[in-house]
Amino acid sequence: MDASFPITSHQGILYRQRLKLSGNVNITGNSSNVSLRENSIENAAVTLSSTTSARVFHNTFIEGAALYIENSSDLVVSYNTFNTSDLGISINTSSEGTISHNDIQATNTGIRLSAAFSGIILNNKIHDCTTGLVYDAPAVLSGNRIFGNDTGISTTLFDETEALGYVGSAEPNNIYQNTIGINLHDARVKSQHVFLNTTGIFGSGIIGSDTLEDANLIEKNYTGIGQFSGTVQYNRISGNTIGIQAMDDQTIYHNLIYRNLQMGLAISGVSDVRVINNTFYTATGDNIRLTTGANNVEIRNNILWTEDGYDIYVAND
């Protein structure tokens, strides 16, 4: 079906004919109980605007196709496959429902949250995108697997009522095998599992909550936290090649930093770094290493234990 078609103010329509849709589909105008199922959608935009109880199940979105959600409630988008040339799913205006168990691959962005989404975004696979998920508005994100992207999650939210990991009750998202796991733009994050990335967390803001109960687990990356300006607090940072690569004017406190392979904390060529009330342990390598003229560094009230290396190494430069 090549032509675009609108569905306006209808109830109970089911499109379940394994159609090949290449024209835009606009479901608008207080439509309710409309279902879009088991279709192949190619180079077409599907827009759900002011719908109630719409269902989008088991469709395949390919090439220039995308799903846009606007002012809709009791929405369910589940078990769809996206392999698109730009965008998978975009929340354009505030909506409510469930987005779950989708396999999303897009050249640009997998899911874009430009407006608040009430309900839950659950157990999706988001991969092979430039940015897997753009988190610029609040939503509950639970148990999503975000992998193989240039950047796993990018976020701009700092307020504790909106920030990544702060909304609702959720399981950690698994963010792995990306070039950058999470990019914070003056934002904050807690309760995420960030592993096997080149750099786990990058950017600026605050990494961590106010308690280890809500810690991020940042493990098995090359650099756990790197090129990050801001506070690092109450995280578990383990098994990385380098746990933290410190930056100027940084405070690092109340973290568990353990079993990193080369260095738990690398302080190289930077100044005004505060390292307070952390616990360090390593079987190999150094816990804290100062090199390349690092200066104005305060290391106070930490627990340090190494079996084969230095607790604190200070280069003669």
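A salt bridge, as I use the term today, is a side-chain nitrogen of Lys or Arg within 4 Å of a carboxyl oxygen of Asp or Glu. By this rule, the count comes to 9 salt bridges.

Colleagues, please note that this is a predicted model, in which local features need pLDDT of at least 70 and side-chain atom pairs count only at pLDDT 80 or more, while totals for chains, interfaces and linings use all residues. Residues are numbered from 1 along each chain as its sequence is written, and side-chain values use heavy atoms, with hydrogens and water left out.

I begin with lysine 190, which pairs with aspartate 214 in a salt bridge whose closest N and O atoms are 3.5 Å apart. The two lie 24 residues apart and link distant parts of the chain: lysine 190 is in the loop between β24 (180-189) and β25 (193-195), and aspartate 214 is in the loop between β26 (199-207) and β27 (217-219). Strands here are DSSP runs (E, at least two residues), numbered from the N terminus.

Lysine 190 is buried, at 13% relative accessible area, whereas aspartate 214 is partly exposed, at 23%. Buried means under 20%, exposed over 50%, and partly exposed in between, with a 1.4 Å probe and protein chains only.

I turn now to glutamate 298. Its side chain meets that of arginine 274 in a salt bridge of 3.2 Å, N to O. Arginine 274 belongs to strand β34 (residues 271-276) and glutamate 298 to strand β37 (residues 295-300). Glutamate 298 also forms a salt bridge with arginine 300, at 2.6 Å between the closest N and O atoms. Shared partners join Asp272, Arg274, Glu298 and Arg300 into one network.

Technical notes. Helices (H or I, at least four residues) and strands (E, at least two) are DSSP runs, numbered from the N terminus.
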